[in-house]
Amino acid sequence: MKTIGLIGGMSWESSLEYYRIINEVVRERLGGLHSAKSLMVSVDFAEIEVLQHRGEWEEATQFMVEAAHQLQRGRADCLLICTNTMHKMADRVQAEIDIPLIHIADATAAEVLRQGCHTVGLLGTRFTMEEDFYRGRLVEKHGLKVLVPDAADRTVVHDVIYDELCLGVIEPDSKKRYLNIIGSMVAQGAEGIILGCTEIG
């Protein structure tokens with residue numbers, strides 16, 4: 001069994017889901033007491049969040065590169081970044097290591113296409129919804145049509161992620177607002193919705 005390297009902590013609420021799902025899949029496939037061989041470097045999300053909102057992406061990239069180096073030194077066979085937003089620097093991280101980085105947008109696109117969808121709505125942080133590192137990859141590499149909410153709704157989605165979900169807070173009113181936003185994208189032709197921020201699930 002190969003060892004999976006995980007860059008986590010962004011937020012740790014999200015990292016829990018990665019760890020749980022990876023181990024559930026290994027148990028399902030191998031049975032018995034099997035679990036995944038994995039290493040995780042977990043960063044302090046408070047430091048990363050400040051850099052994100054200041055637009056200091058170069059410094060944030062250095063956090064990711066150093067974490068990737070730690071995992072490679074720990075003899076991980078492959079690497080996952082346990083957050084959608086920080087795939088903004090995925091290409092830079094991959095260039096710095098000798099092990100493969102499994103890109104979340106590629107895995108997402110494979111599942112979207114397996115489900116027979118070609119037009120999808122995308123929810124995530126403002127960075128994920130508005131910039132090209134994620135949405136652009138879905139369009140250019142995988143041929144998907146990607147819809148995002150309008151500006152006001154993008155603000156709602158973003159703020160709920162940082163102010164509630166990353167803190168483990170789930171508000172019924174916020175869920176209702178998300179469902180309304182999803183409904184709007186379905187009305188525009190979305191055949192499926194990508195929850196492009198793990199905490200949304």
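This is a predicted model: local features need pLDDT of at least 70, side-chain atom pairs count only at pLDDT 80 or more; totals for chains, interfaces and linings use all residues.

1. Strand pairing. Strands β1 (residues 3-8) and β2 (residues 37-42) are joined by six bridges and run in the parallel sense. One of the bridges can be located at G8, whose partner in β2 is S42.

2. Nonpolar core. The largest nonpolar core comprises 64 residues. Within this core, the residues with the most contacts are I7, M64, L79, M86, V93 and I161. Helix α3 (residues 57-73) supplies the largest share of the core, namely seven residues. As a general remark, nonpolar side chains in soluble globular proteins tend to be buried together.

3. Surroundings of I161. Leaving aside residues up to four places away in sequence, I161 is in contact with G124, T125, C166, Y178, C197 and I200. Two cysteines in that list, C166 and C197, return in point 6.

4. The model contains two aromatic pairs. In one of them, F45 and Y162 are stacked, at 6.1 Å centre to centre and with 20° between the planes. F45 belongs to helix α2 (residues 45-54) and Y162 to helix α8 (residues 151-163), so the pair ties together parts that lie 117 residues apart in sequence. F45 is buried at a relative accessible area of 15%, and Y162 is likewise counted as buried, at 12%.

5. An edge-to-face aromatic pair. The ring centres of W57 and F127 are 5.1 Å apart and the planes stand at 80°, so this pair is edge-to-face. Because W57 lies in helix α3 and F127 in helix α6 (residues 126-130), parts that are 70 residues apart in sequence are tied together by the pair. Both W57 and F127 are buried.

6. Cysteines. How many disulfides does the model contain? The count is zero. For C197, the closest cysteine sulfur is that of C166 at 5.7 Å, which is too far for a bond because a disulfide requires the sulfur atoms to be within 2.5 Å. For C78, the closest cysteine sulfur is in C82, at 11 Å, again too far for a bond. C78 is buried, with a relative accessible area of 12%, and C197 is buried as well, at 7%.

Methods: Residues are numbered from 1 along each chain as its sequence is written. Side-chain values use heavy atoms; hydrogens and water are left out. Buried means under 20% relative accessible area, exposed over 50%, partly exposed in between (1.4 Å probe, protein chains only). Two strands pair if DSSP finds at least two bridges between them. Helices (H or I, at least four residues) and strands (E, at least two) are DSSP runs, numbered from the N terminus. A nonpolar core is a set of buried Ala, Val, Leu, Ile, Met, Phe, Trp, Tyr and Cys residues joined through side-chain atoms within 4.5 Å. Contact means heavy atoms within 4.5 Å. Rings of Phe, Tyr and Trp (its six-membered ring) pair if their centres lie within 6.5 Å; planes under 30 degrees apart count as stacked, over 60 as edge-to-face and the rest as tilted.
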